[in-house]
Each structure stands twice: as C-alpha cells, then as structure tokens.
Amino acid sequence: MKNFFVFLSALCCTAAVNAETLKMKNGNLITGSILSQTEYTLNLATSYGNITLNQREIEEILPDKHRLILKGGTQLIGVILDMDEFNLKLQTDDGTIVNIDIPQIVNIETYDYDRGATAQQQIVEEQIRREEQQAAAQAQAAQRAQTSQVEAAGGLTFDADIDQVFEAKQATVVNGSVVTPAANTPTVQPKPLTDEEAFLRNVKSGAITQQEYASAAKQELNSQKTAKSEPKPAKKQEEKDFSKYFSVQAGAMALDLQLANTARPGYETEEGSADVGGTSIQVSGKFLWRIKESNFWLGPIVGVGNIPNNSFEDRDPAVQTPEWISQHPDETPTVKTSGQLLTFGAAANYYLNPNSRFAFYLTGSAVYEMLTLNYRGEVSSQSIKSNGFAGSAGLGVETWVDDVMIGLEARQVFAKRADDLKDSASSNTVIQAQLSWKF
C-alpha cells in the first residue's frame, strides 16, 4: 500500500507538468507544451523558447512513458494502461502487455524521450537560427534576382547565390548533437548508444533489447506467481522416516464374569453363580520403538477398564434369619456389584504393508491384570480380587490424516481367573478405535 501511494504521487506530478513529446519525421524528439495548432502549423512552448513546427514534419505525438524498476534490477519502459493498489498493466513499444504486481516494483519514474537537456536546447536553437537564415537568404535571393540572373544551357536559370540557399537546409541530430550538413562539414563519428538510447530506438546496445527486457520481466513475474500459487506437494510419509510410535485407544470389551458364590460356605444362588460382567469400556495407551529399521515395533502398554454395575439375589445366611424371613416372606437379599480392571505390560506391532495408504498390522501384548470386584451386600461389603497374567492377539489397520493416523484394532484377550471368579470366560473380545502418531 505504501508503494502504491508513492507511485500515485509520481503519476500525479507527471500529469501536472502537462508536457507532450513530438516525434519528427527526421527522427528528432521535441518536448514542450502545445500552445496552439492549425491544419498546417503547431506552436510549441519549450523550456528554451517558443517554436513553430510544420504539421507535415511531425510524425506523431508520443504518449507518456514511464520507467519501472523491479526487484532484482529488471527495468521496463512503456505506457501505463491501468493501475490499482495490487496490479499495474504496462504496454511496451513492441505491443507486449505485462501485468506487474505492485509489491514487485521498487520505483517508478517518468521516462524522458529526449536524449538530454543539451540536445533539446540545441534542437530548438538550431531550428530558430535556421528559420532566420532562411528568411535572410530568401530576401537576398529576391534582391539579387532583380539585378542579375545566370542563364544555363537548355534555357534553365539558376540563382547566382544558390550555394547559400543550400547552406540553409534543415539541421539533423546525430546521437544528441545538432549538426548542419554543409559541404565542408566534417563527418561526425557516432558515439556508442547508451542503454537508454538503444531502448528508445529499439535496437541492441550490445547488452539487451526492450523486447528482451519485457520478455525477461514477464518470465520472472510468471515464475514468482507460479511459485506462490503452486505450493510444494507434501512429502509422502514412509516407514523408514520414523522410529517412535504413540497411540491412544478407546473401545469396548464384552467382559464375561461369573461370581461362584457356591464356593463360599453358606452363600448360594439359584443358578449356583451370578453374572457380574457386561460390556466394559476400555481405554489404553502404548509407546513403541522400531526395532532396527524393521517392521517390528515394541514397547510398554497401560490400560484401564470398568466392570459395569450389576445386581442379583443372594441367600446370605447372615441376613436370612427367622426374623428377617418373617418380615420379608417374598424377598431375597440383594447384592450389588461394580469394579475396575487395570493392566500394564508390553505390546508389539508388526506391519504387513507399512507404506500403503491403509497399513495393516498384527498386534499382541503380554500384561499383568488386576481385577477388583466391589461386592455390596445387605449386611457387609467386600472386595473380590482376581490378579494374574493375561495375553492378547489381534489385527489392526490405520491410515494417515494430515500429520496423525487414525485406525481400528480388534484383539482377543486371554485371562484365566480363579477362586470366586473361576467360572468366568477365559477369552474376551475387545474392539478399539485409535489415534496415533509416528515420529
């Protein structure tokens, strides 16, 4: 935005000058303010005086040009077609239209068609002097024509002072210097063109042409836009890039627990055992290391789960006294249970296709399991514990989503229980969703 206001100020200053550049048919360039013009003449006010030009000698009135200096040193010269706070459209002399981002422009300035202040002054002064000489020569020729004429062969007549008339021919400009083509005028050795002059005349200065400037700038801007609009594709994640693995898992396990009250003296149920299991919520986490750049990963695992609330009728001899039975003839003492399951140990993953979009792996674990069942009866409460080793095996799948992986894992858990829970199933199925990271 700062650059935009600088450029806008520069353009406003340029417009305030209200100068026009005229290109003559002999190649001269004259800059000034047009005072008036007719079908045959044009009056021009320059910084060195007012002059009158013949319309037939004027080739065209050139449009205002500006010089743009871009980041990296590239320069462009042309007519500004349109500009806003984001983009500038420039047309070069060869007709090429270049769209330039405002942040890429370092500076913008008015481009002077003239070769310099000295050449401009010489052009104006020489034209004024030439007009004076022509007027004096015409006066002398008219006066001498009345007194003497020379008759040539074939009946043609020439002015005796015709050589003086030829000396009043129009001046020409060579590399910014005004010269008069008299018969004895020494040949002026042209100076090498500067880059600016070559740029104006559309010829090579030995370095680069205007077209090459415009083409190079256009390619540079296109490459910058392409680099911005086309971000580099993300690097594909590969197994060899990682050595550590962490996952958080949550799911459910169909926990089959049977409480064998018949194993305790005086306690019994109608069926001999009570179902105290149910669908258990399981949460676990594991941290694995890759073993020697293989597909095998090994590390610790910790898990926790719940044993859902249950209730059943139990013939508790401490409760079923004659007095209690008489007061509750149709009731049996009620027992309520709940509990928790804590595991910790080691886990392993073996990836079957680690570099695929969906990576499948075999998983297993060996853990120590601590089960606590809270037994709350009518008279007394107690904790029934079943601790021991357990193992699991299963299959998992996961896929990358940005920088993390999501997946699903199914395992079969094997645990042999004893004492009051000896009738429980030794195998249970757990299914968990997981969120994991490799780094």
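**Loop positions**

I looked up Asp402 and found it in the loop between β22 (381-401) and β23. Strands here are DSSP runs of E with at least two residues, and helices are runs of H or I with at least four, numbered from the N terminus. I am working on a predicted model, where local features need pLDDT of at least 70, side-chain atom pairs count only at pLDDT 80 or more, and totals for chains, interfaces and linings use all residues. Residues are numbered from 1 along each chain as its sequence is written, and side-chain values use heavy atoms, with hydrogens and water left out.

Asp402 is not a glycine, yet its phi is positive, about 60°. I noted it as exposed because its relative accessible area is 70%. My cut-offs are under 20% for buried, over 50% for exposed and partly exposed in between (1.4 Å probe, protein chains only).

I then checked Lys292, in the loop between β18 (278-290) and β19 (296-313). Its phi is also positive, near 50°, in a residue other than glycine. Lys292 has 80% relative accessibility, so I count it as exposed.

Gly27 sits in the loop between β1 (20-24) and β2 (29-37). At 41% relative accessible area, Gly27 is partly exposed. I took the C-alpha separation from Gly27 to Ile58 as well: 9.6 Å, for residues 31 apart along the chain.

**The five-stranded sheet**

I traced an open sheet of five strands in the order β4-β3-β2-β1-β5, with antiparallel pairing. Its edge strands, β4 (49-54) and β5 (58-62), each pair on one side only. Neighbouring strands are turned by 45° against each other on average, direction ignored. The axes are lines fitted to C-alpha atoms (for helices over the stretch in contact), with angles from 0 to 180 degrees between N-to-C directions.

I counted two strands as paired if DSSP finds at least two bridges between them. β3 (residues 41-46) and β4 have six bridges in the antiparallel sense. Ala45 stands opposite Asn50 in β4.

**Two buried arginines**

Arg411 lies in strand β23 (residues 404-415). It counts as buried, because its relative accessibility is 12%. Its side chain makes a polar contact of 2.8 Å with that of Gln432. A polar contact is a pair of N or O atoms within 3.5 Å; within protein, one must be able to donate a hydrogen and the other to accept it, and residues adjacent in sequence count only if both atoms are side-chain atoms. Beyond four places in sequence, the contacts of Arg411 (heavy atoms within 4.5 Å) include Thr363, Ser392 and Asn428.

Arg417 is in the loop between β23 and β24 (427-438). I logged Arg417 as buried, since its relative accessibility is 6%. Its side chain joins that of Glu369 in a polar contact of 2.4 Å. Among its contacts beyond four places in sequence are Leu255, Leu257 and Asn428.

**Cavities**

I searched a 1 Å grid over the protein atoms alone for cavities, sets of points where a 1.4 Å probe fits but cannot get out; lining residues have an atom within 4 Å of a point. Points are joined across faces, edges and corners, and a volume is the space filled by probe spheres set on them. I got three cavities of 30 Å³ or more. The largest cavity holds about 230 Å³. Of its 20 lining residues, the closest to the centre are Gln282, Thr343, Val367, Arg411 and Val413. β19 gives the most to this lining, four residues.

How values were computed: 1 Å grid on protein atoms, 1.4 Å probe; cavity = no way out; pocket = protein on both sides within 12 Å on 5 of 7 lines; lining within 4 Å.
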